Amino acid sequence: MNPVTLRSSRNRPQQSIRSALLVLLVIFFSVASLCFSRDAVKNFTYVFQTSGINIYGYYGTDGSSKVSTVTGSGTSMTMKSDDDDDDDDGGDTNLDDMYNDAPSGIKGAEHEEDDGGGDEVRGDVKYSDADAVNHINNDDDVDNDDYRGDMGYTTEDGRKRMNVLILYPDDWRHNSIGKENPIIQTPFLDSLADDGIRFRQNAVTTSICWQSRATLFSGQWASRHQSYKLKCPHFARGQGWNQTWPKLLQDDGYFVGHVGKWQFYSDNNGRFSWSNYHEGNHFYPMFGRGEVAADDVAKEDAIKFLDERPKDKPFAMTVAFYPPKPVGDSPEPGGQWRPKNETRALYENITIPEPYNMTHAFSLLPKFLQYDRSASVQRKRKRYRSPLHYQEAMKNIYALITQVDQACKDIVDEVKKKGLYNNTMIIFSTDNGMFHGSHGLAGKWYPYQESIRVPLIIHDPRMPADKVGSIDDNFTLNVDLAETILGAAGLKPHERMQGRDISDLYLPNKSEDDE
């Protein structure tokens with residue numbers, strides 16, 4: 001997370017600093033206890049580092065607390081809170097990642113799984129590689145253009161490695177882009193498709209947020225990665241993580257980052273080279289700035305990653321936007337989605353058509369899907385039970401999509417500004433679709449088109465001119481993305497991956513080159 005930083009005089013005696021910090025810590029603790037509802041926050045972890053003294057603490061909902069000091073280095077502070085809500089579709093609401101901007105040159109601490117406080121809670125900078133920290137802090141960093149060449153970073157044996165940027169929002173179905181639905185304003189994604197290739201028949205293998213994300217990273221079907229339960233990321237534990245594309249790229253010298261939604265709440269210490277996790281809200285309170293939209297928070301973190309990455313290494317970054325996923329369980333019209341006022345105004349004077357299969361199709365479903373107490377039926381009734389509810393919900397959803405589109409543009413503009421666009425594979429896709437009332441249902445989970453089909457746009461600098469701007473109707477899957485990403489690095493997939501490198505659908509002679 002981004003740090004709150006305090007500076008102290010180097011000439012002040014160590015004991016005075018320790019005493020002052022403990023006083024500040026008590027004040028901070030008191031403010032924290034007022035700011036956070038015990039019903040909403042399971043625990044609150046803070047790490048305070050300055051002048052060689054690290055203070056670690058824990059604040060629990062039962063009123064317990066623990067503080068300890070150890071020696072260390074660096075100057076930063078981080079805060080973290082989480083909850084126990086296992087409901088994925090609109091149930092991830094927490095107070096995660098309330099933070100303010102860090103001063104230039106100060107790196108924030110990772111969001112770590114809390115184990116009850118004490119010395120085991122580590123407040124470290126985002127970089128798990130100490131050499132990377134030293135490199136970043138070196139004012140003599142070489143300009144990235146010295147490493148760019150024609151096609152990215154080349155190894156000694158001639159293997160060319162591209163950067164990889166994955167833009168990955170939540171709960172976004174295949175036709176929720178301007179190219180498919182002229183009501184929705186996504187000018188950037190439309191332009192990205194014009195400068196790349198769009199896979200119109202792309203689908204996910206499991207239309208559940210966390211299982212789909214496990215497939216993204218592992219390149220495995222759920223039956224193999226076995227991350228069936230929320231907060232149980234089997235794909236990221238033990239040897240499982242060694243089979244993922246982030247770990248394989250790190251082993252190959254890549255600087256790998258993750259921004260935004262992670263969902264598994266696992267111990268991520270050292271999992272990525274750079275990370276900042278936030279999810280569960282459409283706005284976050286930021287010290288000195290008021291509320292900041294979640295898409296802007298993700299965008300700012302992504303740009304920080306691009307600024308702070310080592311210039312002599314290729315990078316890979318996943319930007320996992322939380323919007324347009326619903327938040328909470330409000331029965332009010334559109335109450336589970338909260339866009340910016342100015343973006344919402346873009347959709348004010350339009351009427352969004354209801355799905356053609358919203359009513360009668362429900363009676364044709366298997367009886368077990370019509371069960372009155374099922375989550376899909378209950379959420380449809382709450383979110384779309386009247387024409388007003390449907391209009392307000394969809395307008396808010398479309399507005400959030402437009403916001404994410406703008407954030408994606410700003411991130412890619414930064415990639416272009418740094419001279420990296422022609423060396424970077426950009427993948428836009430999502431974790432699953434949404435029914436939005438189709439079949440008389442809400443949510444996802446069931447294998448219908450509205451639920452399993454998601455957008456897939458790829459910008460690949462290797463793409464021949466005759467493929468740029470094309471549409472491919474081959475059947476592709478999210479399980480294919482891991483091997484496609486590794487292919488951009490010139491790496492073979494792990495033997496346990498189950499997809500395929502789909503770049504052979506747009507690169508001439510790709511299949512022959514791989515044989």
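Helix H5 is followed by Gly219, whose phi is positive, near 65°. Helices here are DSSP runs (H or I, at least four residues), and strands are runs of E (at least two), both numbered from the N terminus. The model is predicted: local features need pLDDT of at least 70, side-chain atom pairs count only at pLDDT 80 or more, and totals for chains, interfaces and linings use all residues. Residues are numbered from 1 along each chain as its sequence is written, and side-chain values use heavy atoms, with hydrogens and water left out.

Go back into H5 itself, residues 209-218. Ten of its ten residues are buried (under 20% relative accessible area; exposed is over 50%, partly exposed in between; 1.4 Å probe, protein chains only). Trp210, Arg213 and Phe217 are among them. What do the buried residues of H5 pack against? Their partners are helices H6 (222-225), H7 (245-251) and H14 (481-488), plus strands E9 (255-260) and E13 (315-320).

Follow E9 to its partner. E9 and E10 pair in the parallel sense over four bridges (pairing needs at least two DSSP bridges). Gly260 has Tyr277 of E10 as its bridge partner. In a regular strand, side chains alternate between the two faces of the sheet. From E10, Trp274 and Asn276 point one way, Ser275 and Tyr277 the other, and all are buried.

Now move to the loop between helix H9 (341-344) and helix H10 (360-363), where Asn357 is found. Asn357 is buried, at 6% relative accessible area. Leaving aside neighbours within four places in sequence, Asn357 is in contact (heavy atoms within 4.5 Å) with Gly437, Ser438, His439, Gly440 and Glu450.
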